[in-house]
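Q: Could you take a close look at one part of this model for me, the aromatic pairs and the helices around them? I would enjoy a connected walk through it.

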Amino acid sequence: MERGIGLERAHMDIFTELGVLYARHGHEKLMKHIKLFSSRLCIANLIQACEEQQHWQEVTYLYIQYEEFDNAATTVMNHSPEAWDHAQFKDIIVKVVNVDLYYRAVLFCLQEHPDLINDLLNVLARLVDHGRVVGITKEAGHLHLVQPYMEAVQSSNVYAVNEALNEIYVEKKDYGSLRKSVELHDDFDHIRLAQKIEKHELRRMRSVAAYIYKKIGRWKQSIALSKKDNFDKDAMETASESGSRELAEELLGYFAIQEGKEEYFASCLYFCYNLVRPDVVLELVWRNNLTNQSMTYLLQIIQEHGEVNQLRIDSNKNDKETRKKEEECIISKQNICAQLQPLVVPMNIVCGGCPYEFSWDGYKILNLPVRDQKNCGNDFIYI
C-alpha cells in the first residue's frame, strides 16, 4: 500500500486503508500520513479507526480538517492528557457552533490549566456573557485567577463583573483600584458596598465609602464620614455639590469652632460661597475671632453688593430715559397728526326757515336745538 500511494491515479481508499493500518499497527507514522494526504482521505472512516485505537490527538486533527469544530473541542476536553494543545484549542474554541462549549471550556481550563485561563478568556471575551463567566469562576472558587480578564472587560459596565472586582479590591485592601472602579462604573450595589467599608480599618478605604455616599446623594452621611477621618476637602466638595444651605452652614460652623481649622474655614467659604448667607458668616467670624481668615470673603461680598446697587441705579436711570423718550415720541406723533388735518375756518350759519343762528367748527353744528336738528329741512346759509 505504501508503494500504491505513489501511483499517479491512486484511489482514495488506498490512502484511507493505509491510514487505518497505521492506526492499528504503526502509530508513529499515522500523524505524518494524515498531514500529507488529508485531502485524499475518507476522514470519517479514519476517525472511526483512530477512536477505536484511542489516538485522540489524531482524532482532533481529523475533526479540524473535517470542519467539525464542536467535536474537536469536545475530544480535547474529554481526552486532554493526549489531545491537549493550548494554541490549537484556542483556534478551535472560537469556531464552535454550540455556545455552551464556551463555558464548558472555561470550566475545563479552570480545573486543568488554571494558569492559562486568562489567555483563553481573552480569546473568548467578545463571544461570552461576562456575567455567566464570573458566576462559573466564582462557583469554582477561582475568582481571583480571572481578575485580569475582568479588568479588561469592565468597560462593559456589567453588574457581576463590577461586584466581583470590588469584592477583590476590598479583600486586597486596594483602595486606589476600588476608588477608580466606583468612579468609572456605576452598575453595582452602592449601599451594600458603602456599608461594608465605612467601618474598615483603613482610613483611605473609609474615604471610598464617603465618596459612594456622595455619589448616590446621601450628603449628610458622606460629610460625617469625611469629617470623622479629617478628609476636610472631601467634606467641602460634598457640601458644595449638595446645594444645601443647611449642610454648608453646618460644615462652616464646624470649622469655625474646631481648633486648628481656621484655614479650612476660609477654604469652606470659597467652596460654599453661593450657599452660605453673609449674616451667618459674619456671626461666626465675630463669635470665633476669624476676621483675618474671612477678610477676602467680606471684601468680595462688599464689592458684589456695591456692584448690585450700581446696577440698580443704572437700571432706574435707563428706565427714566426710556419713559422720557416714549413720551417725546407720543407728542411728536400727535403733532404730525395735527399737521395733516385740513385747515378749518369757523363761520356762522343761518337757517333759511328757522329763527336761529348757529356756529360751525368744520365738523358739526353747534347750538342747534335737538328738535330743530330733526325737523328742520331748510337749507343753511353760510355768512
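A: Tyr297 counts as buried, because its relative accessibility is 6%, where buried means under 20% relative accessible area, exposed over 50% and partly exposed in between, with a 1.4 Å probe and protein chains only. Please keep in mind that this is a predicted model, in which local features need pLDDT of at least 70 and side-chain atom pairs count only at pLDDT 80 or more, while totals for chains, interfaces and linings use all residues. Residues are numbered from 1 along each chain as its sequence is written, and side-chain values use heavy atoms, with hydrogens and water left out.

Phe108 is another buried residue, as its relative accessibility is 6%. The ring of Tyr297 pairs with that of Tyr273: the centres are 5.6 Å apart and the planes stand at 75 degrees, so the pair is edge-to-face. Rings of Phe, Tyr and Trp (its six-membered ring) pair if their centres lie within 6.5 Å; planes under 30 degrees apart count as stacked, over 60 as edge-to-face and the rest as tilted. Tyr273 sits in the loop between α19 (262-271) and α20, and Tyr297 in helix α21 (residues 291-340), so the pair ties together parts 24 residues apart in sequence. Helices here are DSSP runs (H or I, at least four residues), and strands are E runs of at least two, numbered from the N terminus.

Let's follow the chain into α20 itself. In this helix (residues 278-288), Val280, Val281, Leu284 and Val285 are buried. Seen down the axis of α20, these buried residues fall within an arc of 135 degrees, so they line one face of the helix; the arc is that of the directions from the helix axis to the C-beta atoms. Trp286 and Arg287 are exposed, on the face of α20 turned away from its buried side. Just after α20 comes Asn289, with a positive phi of about 55 degrees.

Back to the rings: the whole structure holds seven aromatic pairs. In one of them, Trp84 and Phe108 have ring centres 5.5 Å apart and planes at 55 degrees, so this pair is tilted. Trp84 lies in the loop between α6 (80-83) and α7 (86-93), and Phe108 in helix α8 (residues 100-112); the pair links distant parts of the chain, 24 residues apart. Ring pairs also bring in Phe89, joining Trp84, Phe89 and Phe108 into a cluster.
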